[in-house]
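Visitor: I have a model open and would like to go through it. Can you put it up on the screen?

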Amino acid sequence: MAKRKRRPEMNTPEEVIAARRRLLANRQEVISFFSRLILLALLFWILFGVVFGIKPMPNEDMAPRICAGDLMLFYRLDKNLRSSEVAVFKKDGKWYTGRVVAQGGDSVEITEDAELKVNGSIVIENDIYYKTPKYEDYVSYPLTLADDEYFILCDYREGAKDSRYFGPVCGNEIKGKVITLIRRSGL
């Protein structure tokens with residue numbers, strides 16, 4: 001039977017000091033890792049909790065441009081919207097997505113022929129393939145918007161809940177402007 005070599009014990013002060021330095025270096029690496037992890041989590045919170053937002057499109061209200069399941073990346077800091085921009089907003093505790101068709105100071109009317117009029121002119125929207133029917137008893141037309149109000153419609157105009165249903169959207173209800181999409185088919 002072969003004898004096992006015994007591990008020499010650390011007797012010298014140099015060996016004890018070297019072992020302590022290795023242990024201290026390992027602790028510093030762990031502390032450095034966790035501090036970087038906390039910094040990264042804080043950076044993600046600032047980016048996606050304050051500056052940007054991500055929201056899935058829950059239904060087909062914006063079809064065919066934005067389909068159900070598409071992820072919308074929206075910019076939270078710019079809430080000064082113009083016509084034809086897509087906004088994410090919260091009305092009565094529920095999230096919606098729609099296209100701005102009129103802003104503060106504009107007069108909006110939906111005719112009996114299901115056409116959209118802004119400031120007395122019929123709006124021709126090349127990307128919208130549907131008529132804009134008026135919802136009965138929800139909003140009375142012509143409607144003049146206050147300075148901090150927007151009239152927002154969905155692209156799929158028949159049956160969608162938008163400003164024809166709940167009236168103008170106030171500026172403080174807008175959560176951001178959609179800047180890009182991630183298609184669900186591309187995931």
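Visitor: Is Ser 84 buried, partly exposed or exposed?

Guide: Ser 84 has 48% relative accessibility, so Ser 84 counts as partly exposed. Buried means under 20% relative accessible area, exposed over 50%, and partly exposed in between, with a 1.4 Å probe and protein chains only. This is a predicted model, in which local features need pLDDT of at least 70, side-chain atom pairs count only at pLDDT 80 or more, and totals for chains, interfaces and linings use all residues. Residues are numbered from 1 along each chain as its sequence is written, and side-chain values use heavy atoms, with hydrogens and water left out.

Visitor: Where is Ser 84, and what is its phi?

Guide: Ser 84 sits in the loop between E2 and strand E3 (86-91). Its phi is near 80°, a positive value in a residue other than glycine. Helices (H or I, at least four residues) and strands (E, at least two) are DSSP runs, numbered from the N terminus.

Visitor: And Asp 92, what is phi there?

Guide: Phi of Asp 92 is near 55°, again a positive value in a residue other than glycine. Asp 92 is in the loop between E3 and E4, and at 75% relative accessibility it counts as exposed.

Visitor: Which peptide bond at Pro 64 is cis?

Guide: The one from Ala 63 to Pro 64, with omega near 5°. Pro 64 lies in the loop between strand E1 (52-56) and strand E2 (71-75). A cis peptide bond also joins Tyr 141 and Pro 142, with omega about -5°. Pro 142 is in the loop between strand E7 (121-122) and E8.

Visitor: Changing topic: what is the average pLDDT of the chain?

Guide: The chain averages 88, and 93% of the residues score at least 70. pLDDT is the predictor's confidence in each residue, from 0 to 100.

Visitor: Which element has the lowest mean?

Guide: Helix H1 (residues 13-51), at 87; strand E9 (residues 149-153) has the highest, 96. Where pLDDT is low, the predicted coordinates should not be read in detail.

Visitor: Now Arg 164. Is it buried or exposed?

Guide: Arg 164 is buried, with a relative accessible area of 0%. It belongs to helix H2 (residues 163-166).

Visitor: What does its side chain make polar contacts with?

Guide: Its side chain makes a polar contact of 3.3 Å with the side chain of Tyr 135 and another of 2.9 Å with the side chain of Asp 162. A polar contact is a pair of N or O atoms within 3.5 Å; within protein, one must be able to donate a hydrogen and the other to accept it, and residues adjacent in sequence count only if both atoms are side-chain atoms.

Visitor: Where does Arg 164 lie relative to the ring of Tyr 135?

Guide: Over its face, at 4.3 Å from the ring centre. A charge sits over a ring if NZ of Lys or CZ of Arg is within 6 Å of the ring centre and within 35 degrees of the ring normal.

Visitor: What else does Arg 164 touch?

Guide: Not counting residues up to four places away in sequence, its contacts (heavy atoms within 4.5 Å) include Ile 110, Tyr 141, Phe 151 and Leu 153.

Visitor: How many aromatic pairs does the structure hold?

Guide: There are 12 aromatic pairs. One of them is Phe 44 with Phe 48, stacked at 6.1 Å centre to centre with 15° between the planes. Rings of Phe, Tyr and Trp (its six-membered ring) pair if their centres lie within 6.5 Å; planes under 30 degrees apart count as stacked, over 60 as edge-to-face and the rest as tilted. Phe 44 and Phe 48 both lie in helix H1, 4 residues apart, about one turn of the helix.

Visitor: Why is the pair of Phe 89 and Tyr 96 stacked?

Guide: Their ring centres are 5.7 Å apart and their planes are at 25°, so the pair counts as stacked. Phe 89 is buried at 1% relative accessible area, and Tyr 96 is buried at 12%.
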